[in-house]
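Please open the model in your viewer and keep the selection panel at hand. The stops below go from a sheet to a loop, then to a core and an interface.

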Amino acid sequence: MSDHRPPRIAVWLLRTILAQPNRDFIIDDLAEEFRARIDGRGIVAARFWFWCQVLQSVGPSLRSRAVAVLALFARGPLDLLQEVRFVFRSLKKSAGFATVAIITLALGIGANTAVFTVVNGVLLKPLPYADQDRLVTVWSAMREDSRRFLPSYPDYQSWQEQTTSFEKMAFIYGDELVLRTDDGLEPILSAYVSADFFAALGARTTLGTPFGDVSDGAAKQVVLKYGEWQRRFGGDPDIVGKTIQFTDGSYTVAAVMADGVDYPFWARMWTPLTPAVVDRYGLRARDRRIDSRVLARVRSDVSHDVALVELTTVASRLEAQYPATNRDWTVRFLPLKTVVLDPWGQNQNLRRALYVLLAAVGLVLLIACANLANLMLARVVTRGREIAVRSALGAGKWRLIRQTLTESLVLAALGAVIGAVVARWGVDALLAGAPQLPRVDEIRVDAAVLLFTTGIAILTAILFGMAPALRTGGGSLVTSLKDGGRTSVGRLGTKRMQMSLVISQIGLALVLLIGAGLLARSLRQLSQVNLGFNPDQLTSVRIRPPQPQYADPRLRADLYRRLVDAVAAVPGIESASLANHIPGGGLIFSPLRVEGVAEETTTGFKTVAPRYFETMGIAVVEGRPFTAEDMTEQTDGLIINRSLAQFLDIELGRRITVFKQVADEGLGEPISGQVIGIVGATRTSLSQEVPLPDVFVPYTVNPWMHATIVTRTRTEGPGIGEQIRDAVLSVEPEIPGVQPRSVANDMYQTVSKERFAARLMGSFAGIALLLSAVGIYGVMAYLVRQRTAEIGLRMAMGATSRQVLQLVVGRAMWMVGTGVIVGLAAAFGLTRFMTAMLFGVETMDLATYASVTGVLVIVALVPCYLPANQATKVDPLATLRAE
Amino acid sequence: MTSRDGLNEVDQLVLLALVRLGPGAYGVTIRAEIEARSAKPISMAAVYSALDRLEKRELAESWLSEPKPERGGRAKKHFRITAAGAAELRDARGVMARMWEGLEMHPDLRIR
């Protein structure tokens, strides 16, 4: 077996490095002992030993060889070394310049590395599955409807049986298992997966072997996600075979998957989907399209298109075969990677947003480069005499250019090293403020990131070092020597170069500012969205009645009533109520029939307790809300929201019919009643464009498997959550995971992406503005210094300080104006990439453009003023004497 | 090159192992013997560099075994100590013994 051969790389290392005549004997002897050790202590220990031997042998041999190798290659590096030493010496002489340059570079490179680390982890790295391109998720879909729907178990079975394009196809169902811990009960979301799941996924394991086809008798086993294993079990290496206590029995740990194996992301572990589980959740109904996923691995010799065509054919066959459940239903494919990045189909712009941020931080680095190039140019100019002397002493033009480039490379390298540290810190800061990103565990500084850092460091060095380097080589020797390096300062080329650098800086900063301005405005629009309810001082707590004690819907309804009463009695609570889902906390649909409307439609389905609308702060527009008397098992009164009323033109008193949505008690039985009230429509998130239609039924009609209790408190006092929790547990201590949450916070979370993007872009723009201001100051100060003589002459001839001011500021304004024009043009072109990130704001929003340009101009004028003011203080006599 | 250069510690350990192992001495057994008795890890490369040194000074000599099928048809290189080696080893021991003389009970060398 190949396993009994020592590690090949190790042997190769030995062969390459050992110089002794006994080399082959050493290798053979080591191999012999290696085999003996496998038998004695196992392959891992043997390999470890072998590597130790190799490393011990390599050390001394390398040392003796290194001398020879160094001697061979010494010429080039020694040259370079000398150059680098020279650079260090000259940088030491101008420590201020070096410090500023290195800090600027470290921040620029660090920020870029940090953002790239996130982009790399989330978007670029392949998923940790074998041949990930062949993995697809299959969804149910309605014709002429772009949304994706969850597949039902029987549909999945038919797809699997009737297609040949797939190597494996697996079904996934999500539900919570309730863990018994020392602190009480804790619900853990688990993915029930069918036999082929792990084979289809093609993921590596860290420990153990994941289950395959499992009978009901062996159903109680789990495969843990890596993170869960680390967090909950402290990475226990002997976890496999141990049992975990859940409320429905003890489960054996079968395996731990490798780091990064995270599909489906909402689950924290996997358990087998056995026939009994399928029955328990009523999954055999073909129209039960709920809480499920289908994962498939396309055969390597079949294209995705062919596979989709085959599957679509099967779907049409099913449509003909089961018209009651499958009419108008077809299938849709999405690559697994797409789903991983966008699990709910609401995040299509994530990719775009991340790239926009990467581009933005890249612009910041460009601006920093412009600043550095300006500094370097000034340095070259002030060193003009030194350069001229060296040139006169025979230093070639190329050598002088190389020296300046080496200087920028050394600066960039130092900046990159510090930048890598900044990046580590930056990634943490980014993630702390970031919304929940997919694949967040895979975000880390790895080889690709370091390669990127090295790449941008070199690129940066060339960008800011090129112009000064060429300037070094191109000087006129005679003039430089003749006037002691003073007049050469005024060389037209340098000035023009510096000014165009500042102009492009202003342009780039303006682009960033406009981007940040647009995002900020968009965020403002979002925060002004009318949710239709008042989330302030609203607390929600999700209730999951323990099973099987509360399997009977009547018992459940009774529990809910007692819970609401208990919570309402907590001091400081103004009102309490309950619903199956509150806005933003999930939703379920029911078919809807309306008296006098031929077509059946779909509506949101909400089961609520009395005082729900009052507690939530939802307006009752017409009719009346539910009262305690309405809470019966049969009802004749239903409430609808304004969206639905307007959409179908429904008035009070009209008879409508929805259908029961709880699996274990007459799913699909009609609930019929007159409209007794119309209430305001609510949005489920701040960024939702149109409120959905809703029908409200008394919770007693269809007691939900779980419920959300909402309470409105008088004040947002601390400890109210604790009191609510205690009240809930005093009614039923077996309810797991009782965690009161602030609804306002949850709502705020729905715009966390937008907030994050705006904040990040804002800080980039701020840095850009600051850097540009510094750049402008540098150039203006320099221009004034250089024109001191001219200004002195003018003042001697009677120019007022006002005129002098005009002269200097006019020059500055010309630069700023040109920069603004360049920036506006670039922004017009670039902001359209941000369309998907904006809410209620056009990319050409003139107000934003105008106000941001105003800010830029004002900020740009400040650094102009100081040198200009100085210019007016010029003593004409002194300057004239100097001439 | 003849002796009079002294022996370093590894040389002594290797030579002693050769004596102990007799005709069974080759890389694997020498290394194992030293590790087992001295309880100090030693790398194969270090063993061989000592052997190489000793062979050049004619303090040890080597001979090749029959080709072994379990080593892919390659021979083992066996080593044994030469008379000069034995003399050198004794010499080294004598040096140490003389240095130790009367120091066994010295207060600075107490095991604390």
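How many bridges join strand β13 (residues 589–594) of chain A to β14(A), and do these strands run parallel or antiparallel? Four bridges join them, and the two strands run antiparallel; strands are DSSP runs of E of at least two residues, helices DSSP runs of H or I of at least four residues, both numbered from the N terminus, and two strands pair if DSSP finds at least two bridges between them. This is a predicted model, in which local features need pLDDT of at least 70 and side-chain atom pairs count only at pLDDT 80 or more, while totals for chains, interfaces and linings use all residues. Residues are numbered from 1 along each chain as its sequence is written, chains are lettered from A and ligands numbered from 1 in the order in which they are written, and side-chain values use heavy atoms, with hydrogens and water left out.

Strand β14(A) (residues 601–608) is mostly covered, with six of its eight residues buried (under 20% relative accessible area, with exposed over 50% and partly exposed in between, for a 1.4 Å probe and protein chains only). Five bridges also join β14(A) to β19(A) (residues 694–698), with which it runs parallel, and there A:Lys606 has A:Phe696 as its bridge partner.

Next, select A:Asp630, in the loop between β15 (620–623) and β16 (637–641) of chain A. A:Asp630 counts as buried because its relative accessibility is 12%. A polar atom of the A:Asp630 side chain lies 2.8 Å from the backbone nitrogen of A:Thr627.

Now colour the largest nonpolar core, which has 79 residues (buried Ala, Val, Leu, Ile, Met, Phe, Trp, Tyr and Cys joined through side-chain atoms within 4.5 Å). Its largest share, 16 residues, comes from α24(A). Select A:Leu519, whose contacts (heavy atoms within 4.5 Å) beyond four places in sequence include A:Ala757, A:Met761 and A:Leu838.

Finally, show both chains: chain B and chain A bury about 1600 Å² between them (accessible area, 1.4 Å probe, that two parts lose on being put together, summed over both). In chain B, the residues losing the most area to chain A are B:Met44, B:Tyr48 and B:Arg71. Select B:Arg74 as well, which forms a salt bridge with A:Asp28, the closest N and O atoms being 2.7 Å apart (a side-chain nitrogen of Lys or Arg within 4 Å of a carboxyl oxygen of Asp or Glu).

Conventions: Polar contact = N/O pair within 3.5 Å; in protein donor to acceptor, adjacent residues only side chain to side chain.
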